[in-house]
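Subject: A structure to look through

Dear colleague,

Here is the structure that I promised to pass on to you. Please open it beside this message, and then read the notes that follow.

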Amino acid sequence: MNNHKLTRNLYMVPYAVWILLFVIAPILLVIYYSFIDIQGNFSFANYEKFFTPVYLKMTLSSFWYAFLITLFSLLVAYPTAYLLTKTKHKQLWLLLIIVPSWINLLLKAYAFIGIFGTYGVANSFLEVIGIGTQQLLFTDFSFIFVSVYIFIPFMILPIFNAIDTINPVLLDAARDLGASKWDTFRRVVFPLTMNGVKSGIQIVFIPALSLFMLTRLIAGNRVITLGTAIEQHFLVTQDWGMGATIAVFLIIAMFLIMFLTSGFRKRGA
Amino acid sequence: MKKLTQAFIAVLIVSVLLLIAINRLNASAGYSGNNTLTVFNWGDYIDEELIDQFEEETGITIIYETFDSNEAMMTKIKQGGTTYDVAVPSEYTIEKMREEDLLVELDHSKLPNLNNIDERFMDLSFDPGNKYSVPYFWGTVGVVYNKEMLPDMEFTSWDDLWDPRLKNEILLVDGAREVLGMGLNSLGYSLNDTNKDHLHEALEKLQGLTPNIKAIVGDENKLLMANEEAAVALVWSGDASEIMWENENLDYSVPEEGSNLWFDNMVIPKTARNIDGAHQFINFMLDAEVAAQNAEYVSYSTPNKAALEYMPEEMVTDERFYPSPELTDKLEVYENLGKENLAYYNDIFLEFKMYRK
């Protein structure tokens, strides 16, 4: 018995070491660095700096764009996932949706520079249908469009799984009891897929908050997110303290969102 | 449990065998001992024929690695995992590397070809007496513009960029020193100015440029200019000459108020094992004919005066890339302003980017 317990503990070692090294230690390091100012002294200067208009505005706009990206991803992903579960070869269709996410993000971003460019495919199309050439690249529209495109597979997957595992008996029961199609969806299907929606929101919102490559490539730095600032502080200024401070706020935001979304789950269950 | 132990031992044995195999392979390929030299350079920044030529002449095998930013290069050298023998940092990085004691002093007696370098480019502020570095290529920061899209415009002054006709046509490079430097220069200040009032004045002036700015981008500006997505861009001269080959409507000019003069330089980092070989390589690259061939291939400006004779006339007399001494006198090298001032520059630049709508 004792021996059995020992083996089990032994199996735990890799996980414990992993979590310690790659989850807890980095977070502690980030928090430690956030208290080191640019001269290398311990201080709260970075936190004071965070609460200046520049960074507060940046935080607000990051949240706003992350919200928009999550919202549009959800609006596209939910009906898609729903229709997918109704198709004949659903695993194949799902695979086709996931395959683009295997392509490197940078490549996709460069492809979009070509597509949205003045002489790109999108503008040729607008020309043909009579709207005429528009500036698409380096606008809010292109930034949100490309971000949504990139995040959609991550939103579809959890929602698809949630819809797919609904017991069809429940739907039959709803119909037998006289619920209309809409009622069935609103009162049966949607509540049962809330968990999928919440996972999708978690997977999309948090990375969207710290997007940085697209802000430059697609938005031409018209959109500045917290991720952009972190990149600049670590690579250019080498002000690790300030970069870490922003990261601390991102971690707090992450926990808040995890807490909010999982809190609802308990109430629903 | 027994099975686990067995599996563990098996993995261990395989690892050791692989390690031995790698060692053997490296040895047979000549990747060990005294006859190799690891060169760490920017991507596409050397004529590769010259590497073969060097290997033939000296019997030294070159391992060639590339990087795409000074910061990335410096981090790798600091970590010290690879024994880089020669690296090519830009001038402000040399100051940082010197401060952190990452460089080996050069032995000038082993570099007789150092005499080929133009006097103007020796003994500069970032490395007095060239104790640690030898210039490899140099250039300016200026404006690349599309003559066909802007038929009657010239860029002799920075203020030309503020012309309302350029609405939504300018690409800036995503660098605090470059953009603020432009603001400071246009006001007649030095681009190494650290006076906070002057910096705020520059910020205000730059904010007036906002309607003309299409985007603030990185290396993509080359692609965007070549594809005529925008009419004007702030660029390094090296990038300008590169895209001018691709699109002949493009032209380059350095505004007369002054601008930045930059250098990429060969150094021997502390990680070097083959210091003798490193000197041999640097001396080889300083040879007049070799430097000429390299400059023709890379199409950046060479500081090698003796090499100019071996280069095509139209390349050497091109004032855009080999500006007259009168203009180079007005150009300034970026000084290492120290972390605090650099942070201040970046804060201002961030503010400029934030309020840009």
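In which strand of chain B is the place of B:Leu234? B:Leu234 belongs to strand β7 (residues 232-236) of chain B, where helices (H or I, at least four residues) and strands (E, at least two) are DSSP runs numbered from the N terminus.

Before going further, please keep in mind that this is a predicted model, in which local features need pLDDT of at least 70 and side-chain atom pairs count only at pLDDT 80 or more, while totals for chains, interfaces and linings use all residues. Residues are numbered from 1 along each chain as its sequence is written, chains are lettered from A and ligands numbered from 1 in the order in which they are written, and side-chain values use heavy atoms, with hydrogens and water left out.

On confidence, pLDDT is the predictor's own score for each residue, from 0 to 100, and chain B has a mean of 90, with 97% of its residues at 70 or more. Within chain B the lowest mean, 79, belongs to helix α1 (residues 2-28), whereas the highest, 96, belongs to strand β3 (residues 86-87).

To return to B:Leu234, this residue counts as buried because its relative accessibility is 2%; buried means under 20% relative accessible area, exposed over 50%, and partly exposed in between (1.4 Å probe, protein chains only). Leaving out residues up to four places away in sequence, B:Leu234 touches several others, among them B:Trp158, B:Leu172, B:Met182 and B:Asn221, where contact means heavy atoms within 4.5 Å.

Strand β5 (residues 170-173) of chain B runs parallel to β6(B), and four bridges join them; two strands pair if DSSP finds at least two bridges between them. B:Leu172 stands opposite B:Ile216 in β6(B), and in strand β6 (residues 213-217) of chain B five of the five residues are buried.

Chain B is assigned domain 1 (35-138 + 263-322) and domain 2 (139-261 + 331-354), with bounds that come from an automatic or database domain assignment. Their centres, taken over C-alpha atoms, are 27 Å apart, and their contact takes 12 residues from domain 1 and 16 residues from domain 2. About 1400 Å² is buried between these two domains, with 59% given by carbon and sulfur atoms; buried area is the accessible area (1.4 Å probe) that two parts lose on being put together, summed over both.

Between the chains, 34 residues of chain B are in contact with 34 residues of chain A, and the two chains bury about 3100 Å², 55% of it on carbon and sulfur atoms. On the chain B side, B:Glu220, B:Leu350 and B:Met354 lose the most area to chain A, together 19% of what that side buries.

With best wishes
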